[in-house]
Amino acid sequence: MDGISISISLNLGKDQSGHPTVSVTHCSNSIGQVSIHISGSLSWIINLFHQRIEKNIKKILEQKICEMVRKSAASNLTPYLQSLPVTTTIDQISGIDYRLVENPQVSSEDLNVFFKGEFFSQSQRSPVPFDAPALMLPQQYDHMVYFAVSEYVFNTASRVYYQAGRMNVTITNEHLKRLTTLAAKDSAKKWRKQNGKPNCMNSGSTPLTTMLLCYSSNFLLPLLQGPLNLPMQLNTNMLQALVPQLSRLHRNMQVELEASPESEPLLMFTPGNVTLTPVMNIQAVALLPNSTERKPLFQFRVKTNVSISIRMNSSRIVGSVTEASKLELELNHSSVSYINMPLMNAILNYYVLNTIYPSLNAKLEEGLPLPLPRDTFLKNMDLQVHKNFLLLGADIN
């Protein structure tokens, strides 16, 4: 046989469970020529009728090809698509639901497939209290594939890990040492040089006492902690400038800070930036000597706003801090009589501006490898931040 052509049209869709479906909507085929060669003692008799035999075989084959295509789609392809998982386990805490939410859309230029992308708790799944935002995808065709990831994916993950208590962290002197190491990197120094000078006169209406506290913090913290290449020490003696009574009640004791978010931190994507506005409750505790007891000292509420730009560098996602607001502190409660909150606010803002934000910038500059499925290799990658989603364009190698 030669000159065989087959034309098949498939309808792509989804069922109620979000599995992909496929059905054959059109099938046609043609066979250019069927030739039969018969050998043997009776071959000369049969060859007298070979044209009629070839014509009949061609007609039967043309009828059977599309019949077999439809049967194969129903008996093989459909069960296979039904067996594909639509959820997967991430770890002991969470899984992700990536079932189809719309029928795939096919045009002459592209194929668009829409997945749910919702993290859920492994212990108890509950409805998400916020909706996925609508995505306005740009018409781009410079790369072979594009992946759009909504902020909804990240925020449902944040909700699951927040509810599981995995966002609570205890800040120790060891953490501050690591921050100091990061803050000594060149990328951190560059960021600090560009952004690390606090503006003590935000407006003409800034109170005099606030300006004095701001200016005083600029040299008071270095006196308390030494040069920026030496880590701040969390102990009651160091905190006595803020809480005078503390060193008398608990002399020279180690202090740890128990930080927990007030609610799940939510990311917001805007063109070019990823913004996070965390609200944390921070409890200071003293570690009593020769005991496992932790003495609560005071708790304050902290709010800030951080914007980050992200981009691709080779196969890694890297970023930088583009905007960071001051900390807003308020005292929740205290077991000691007096805390100088204005001075604490000024000193912490100085430390955040000169150590924490530069350290975060240094960590972002190191970047993270792009998570890809096994045996998937991409090149010419381009990462863009749009309203409500990230867009990764790439060519498949």
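# Exercises on a predicted chain

Of the 397 residues in this chain, 37% count as buried, where buried means under 20% relative accessible area, exposed over 50% and partly exposed in between (1.4 Å probe, protein chains only). This is a predicted model, in which local features need pLDDT of at least 70 and side-chain atom pairs count only at pLDDT 80 or more, while totals for chains, interfaces and linings use all residues. Residues are numbered from 1 along each chain as its sequence is written, and side-chain values use heavy atoms, with hydrogens and water left out.

## Exercise 1: the whole chain

Find how many helices and strands the chain has, and what share of its surface belongs to carbon and sulfur atoms.

Step 1. The chain has eight helices and 20 strands. Helices (H or I, at least four residues) and strands (E, at least two) are DSSP runs, numbered from the N terminus.

Step 2. The accessible surface comes to about 23,800 Å², and 55% of that belongs to carbon and sulfur atoms. These areas come from the Shrake-Rupley method with a 1.4 Å probe; for residues, only the protein chains shown count as cover.

Step 3. Take the contacts between residues at least 6 apart in sequence: 62% of them join residues at least 24 apart. Contact means heavy atoms within 4.5 Å.

## Exercise 2: a sheet and its helix

Step 1. Two strands pair if DSSP finds at least two bridges between them.

Step 2. Now zoom in on the β4 and β7 pair: four bridges join β4 (residues 94–97) to β7. G95 stands opposite F120 in β7.

## Exercise 3: a serine in β4

Decide whether S94 is buried or exposed, and find its polar partner.

Step 1. S94 lies in strand β4 and is buried, with a relative accessible area of 0%.

Step 2. Its side chain makes a polar contact with the side chain of Y161 at 2.8 Å. A polar contact is a pair of N or O atoms within 3.5 Å; within protein, one must be able to donate a hydrogen and the other to accept it, and residues adjacent in sequence count only if both atoms are side-chain atoms.

Step 3. Set aside neighbours within four places in sequence, and S94 is in contact with T89, F119, F120, Q122, V160 and Y161.

## Exercise 4: the disulfide

Locate the one disulfide of the structure and give its handedness.

Step 1. C27 and C66 form a disulfide, with their sulfur atoms 2.0 Å apart. The cut-off for a disulfide is a pair of cysteine sulfur atoms within 2.5 Å.

Step 2. The torsion about the S-S bond is about -85°, so the disulfide is left-handed.

Step 3. The pair links distant parts of the chain, 39 residues apart: C27 sits in strand β2 (residues 20–33) and C66 in helix α2 (residues 50–83). Both cysteines are buried.

## Exercise 5: positive phi

Look at N252, N388 and G272: where does each one lie?

Step 1. N252 is not a glycine, yet has a positive phi of about 50°. Its place is the loop between α7 (246–249) and β10 (255–261), and at 53% relative accessibility N252 counts as exposed.

Step 2. N388, also not a glycine, has a positive phi of about 80°. N388 lies in the loop between β19 (378–386) and β20 (389–396); at 14% relative accessibility, N388 counts as buried.

Step 3. G272 is in the turn of the hairpin formed by β11 and β12, with a positive phi of about 90°. Two residues lie between these strands, and F269 stands opposite V274 in β12.
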